[in-house]
Amino acid sequence: MLINLHIRNLALIDELDIDFGKGLNILTGETGAGKSIIIGSIGICLGGRFSRELLRDPEKDGLVELTFDVSGMKISAAQDDSKTPEADSKADILNEFMNPDDNGILTISRKLSKDRVVNRINGETVTVAKIKEAAEALINLHAQHEQTTLLHEEKHIEILDSSSRELQSLKEEVREAYQDYSANKRELAGMNMDASERAKRVDFLRFEAEEIEGARLISGEDTELEALYTKMNNAREICEITESVYSSTGYDSSDSAGNQISRSLQKLKAIERYDKDAEPLISTLTDIEAILNEFNQSLSEYIEGSTFEEKTYIETENRLNLINTLKSKYGRSIEDIQNSLEEIKTELNSLSDYEARLEELTEKEKLLQKKLLEKCAALSEARKTKAVELSEKITEALKSLNFNDVRFYMDMNRLSECTAEGFDSITFMISTNVGEEPKPLHMVASGGELSRIMLAIKSVLADVWDTPTLIFDEVDTGISGITAQKVAEMMKYLSGTHQIISITHLPQIASKADNSFLIEKTVTDGRTFTGIRAIDGEDKVMELARLLGGDSITDSVISAAREMLA
């Protein structure tokens, strides 16, 4: 479960910590106090958008951090047949980031620093995708207006399929069968050419293959040839420079470096018999003369090697032109050209055996289509059975949320073609009034009804999804009176097996909280701050009285608050 939320430098929040507990955690506060900021920060930490305009002080870092106790999730859900494959993998996802020293504690943090968001799980830097993957195993966040997704019929089949391990498994089989069928169909579609077109294509491919193979390319030779060609193109200038240097350093003239050093060495040797201290100087100059001799010998060899025959120059130029022509057709490097050759050979083999391949693909299409239809039919039958079962459970949940005369079922129809999701379309049908025939959900439900319907669906699926923490952002929108009481009872019921965190404006829901938090807006030194604190005792009574009476908190309202809590 979520045990702590830490926020720093976000919107109206300077810095705050919230320690959540088991059961039903309720957040209340005046309109505009900052409740949406707190739920929004959780969304950010779960992988939502995090940008600089959200920061309170743009010059400082922003941080959102969630800390979870996951010690109870280390046993794989695979032991429970009622869980979906998603539930199976949650333990593996979490264990990827855990080690024995963590003591069952997992921390997700996102820090915005100088336009760069750093994502971490237990101190390890990860991608946003990993953040979302871990978050989905821990929290189901019901944001404001999420219930409007129920108006989209594609969401209906998604809800049904998420309710069962069997459906998820069958759906994966359909996806695999569809991928195989589609791949075969694409290849078959690419082979619809007549004999003359095929012959022309074969001739063209053979020409390309012979052109590449005839070049007898060697990896890296283009680089060597380009260097040699550059050298040959500049041979005259190279020759002039090197011969000038050789003349200056060799022995061809009396004032050359070699002759001058040689004469200087003889003069130094003449004083050696008078002063032994001159020996190091003589030794050094001797080494210099030897080095210069060695340099001049190497330079002479370089000059001889820089002379190129016209034939060598032409051969190098022609070879480079051939390689560059091939590059313009088949790729930017010799490796690309060689890869193109392999692709050409593969296509040639395919076209050479065209009739046999065409017959093979045509026969395979029939088998794959049959397999796909069988998989879709199996999925459809399982959906029909599960739709009845799930509809009954959702109906019971709706009745407990004050839909007394509700009728709810899932209308299934067959699509004209198979897809990766099967061949079914599903529409939620509902009637909320006596004498009214069920109609598609989007034609019937109001905003308040959608909110309750979504709560009913999540209450039915909560155990299947195996998500330990459920967060509701103002699930009470558009309801009041006895309906509000029924919603409160549903949330209290859910909190028996899940940690529930919810923002509410309704006293019926706030009164059932196991842990209550008051969100307040204060002004300090001319600046507005949002804060939050846990409340109990008289503070909880007074907050409940505020929800009941608004600005008029009389003794009778306070008494009613105490009675509601009792």
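This is a predicted model. A search of the whole structure turns up 2 aromatic pairs.

Start with phenylalanine 20 and phenylalanine 517. Their ring centres are 5.4 Å apart, and the planes stand at 65 degrees. This aromatic pair is edge-to-face. Where do the two residues lie? Phenylalanine 20 is in the loop between strand S2 (13-19) and strand S3 (24-29). Phenylalanine 517 belongs to strand S14 (residues 515-524). The pair therefore links distant parts of the chain, 497 residues apart. Both phenylalanine 20 and phenylalanine 517 are buried.

Now turn to phenylalanine 408 and phenylalanine 428. Here the ring centres are 5.3 Å apart and the planes meet at 65 degrees. Angles over 60 degrees count as edge-to-face, so this pair is edge-to-face. Phenylalanine 408 sits in strand S9 (residues 407-419), while phenylalanine 428 sits in strand S10 (residues 422-431). The pair thus ties together parts that are 20 residues apart in sequence.

Phenylalanine 408 has 6%, so it is buried. Phenylalanine 428 has 0%, so it is buried too.

Arginine 56 lies over the face of phenylalanine 529, 4.2 Å from the ring centre. Arginine 452 places its charged end over the ring of phenylalanine 403, at 3.9 Å from the centre.

Definitions and conventions
Residues numbered from 1 in each chain as written. Predicted model: local features only at pLDDT ≥ 70, side-chain atom pairs only at ≥ 80, totals over all residues. Heavy atoms only, no water. Phe/Tyr/Trp six-rings, centres within 6.5 Å; stacked < 30°, edge-to-face > 60°. Helix = DSSP H or I, 4+ residues; strand = E, 2+ residues; numbered from the N terminus. Buried < 20%, exposed > 50% of the residue type's maximum accessible area, 1.4 Å probe, protein only. Lys NZ or Arg CZ within 6 Å of the ring centre and 35° of its normal.
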